[in-house]
Amino acid sequence: MNSQNKSTSTRIADMFKHWLDSDYNTIKNPKELEAKVDWERCIPFIILHAGLIFLIWVGWSPTAVIAAVILYVLRMFAITGFYHRYFSHRTFKTGRLMQFIIAVWGNTSMQRGALWWAANHRHHHQHSDTEEDLHSPGVQGFWWSHIGWITCKRNFPTDYNRIKDLSKFPELVFLNRFDQLVPIVYGVVMYGIGYFLQVTYPSLGVTAAQFFVWTFFVSTVFLLHGTLMINSMAHVWGKQRYKTKDDSKNSWILAFITLGEGWHNNHHRYPHSTRQGFRWWEIDITYYGLKFMSKLGLIRDLRRVPKELLEEHSK
């Protein structure tokens, strides 16, 4: 009995250590593990979604809802513009300090560290819609491609061999290892802002708890599923302009939800471009934001869509 309890306590301790340090006791050959949902990995996602229940008690206010929407947009921009277009594809350049700032910014999304995110996305492009793809709806089904793959132990470690250009920066490795640190700080800041508004501007009808629930739980849950819809829907729903070796599609609806990521067939045809809405009418909010940042001198050398690609025959 004591041996069994010790084993259970050790397993629980290891679980918490993994949550605190993503590189703790990393599995040497994770691909040898079975591709299945690991319930220990589901706990953080369950807690995040369960937080929505508090809406029953905290209610809502225009201020809290507007703040949640603004933070959805700002953090979606961080995912699409930085985690995806910078860290995964290096479609523009920036300095080391700004690189760290945008990594922190992206980490507030609670979608783990930039290096883990980039390594998995590079793997996706190499094996898109094949048996090796981590999240192909055509191969593994909708739910696995949407969220199941994240809860799998084999996909938890960061494949640093795929991101040697990024892992040479110790500050990025630190953020990637301790990827819960920034979300915790984010939560504390949100509660603090809510408390400030409650005390200073009581006429707004905001409480610290209400502001926290809307900006931490509600905004983040919508952000998570908005992002994951590119994995589960953008290879199923929409139209193909270009003949690619995968099932990537263009969808204006997904582009609206994700600030431009829905032009997914364009992206798979030429992932090196900063802009994913290749045509003028393909609204790409992320690109406009990055263009503005380049005007400010925060980033530079945004990569263009080749002219010949724009003239390429549509499918």
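Predicted model: local features only at pLDDT ≥ 70, side-chain atom pairs only at ≥ 80, totals over all residues.

Trainee: OK, so is Phe216 buried or exposed?
Mentor: Phe216 is buried, because its relative accessible area is 14%. Phe216 lies in helix H12 (residues 208-232); helices here are DSSP runs (H or I, at least four residues), and strands (E) need at least two, numbered from the N terminus.

Trainee: What does Phe216 touch?
Mentor: Leaving out residues up to four places away in sequence, Phe216 touches Leu48, Met110, Pro183, Tyr186 and Gly187. A contact means heavy atoms within 4.5 Å.

Trainee: New topic: how do H6 and H10 cross?
Mentor: The axes of helix H6 (residues 114-126) and helix H10 (residues 170-177) come within 7 Å and cross at roughly 90 degrees. That is why H6 counts as roughly perpendicular to H10, a label for angles of 65 to 115 degrees, with under 35 roughly parallel, over 145 roughly antiparallel and the rest oblique. Axes are lines fitted to C-alpha atoms, for helices over the stretch in contact, with angles from 0 to 180 degrees between N-to-C directions.

Trainee: Which residues meet there?
Mentor: Ala114, Leu115 and Trp116 from H6 meet Leu172, Val173 and Asn176 from H10.

Trainee: And which residues of H10 are buried?
Mentor: Glu171, Leu172, Val173, Leu175 and Asn176. Their cover includes helix H4 (62-88), helix H5 (96-107), H6, helix H9 (164-167) and helix H11 (181-200).

Trainee: How many residues does the largest nonpolar core have?
Mentor: That core has 60 residues, and Phe82, Phe87 and Leu290 have the most contacts inside it. A nonpolar core is a set of buried Ala, Val, Leu, Ile, Met, Phe, Trp, Tyr and Cys residues joined through side-chain atoms within 4.5 Å.

Trainee: Which helix gives the most to this core?
Mentor: H4, with 13 residues.

Trainee: Last one: where does Gln276 lie?
Mentor: Gln276 is in the loop between helix H14 (264-269) and helix H15 (285-295). Gln276 is buried, with a relative accessible area of 1%, and among the residues Gln276 touches are His84, Arg85 and Trp263.

Conventions. Residues numbered from 1 in each chain as written. Heavy atoms only, no water. Buried < 20%, exposed > 50% of the residue type's maximum accessible area, 1.4 Å probe, protein only.
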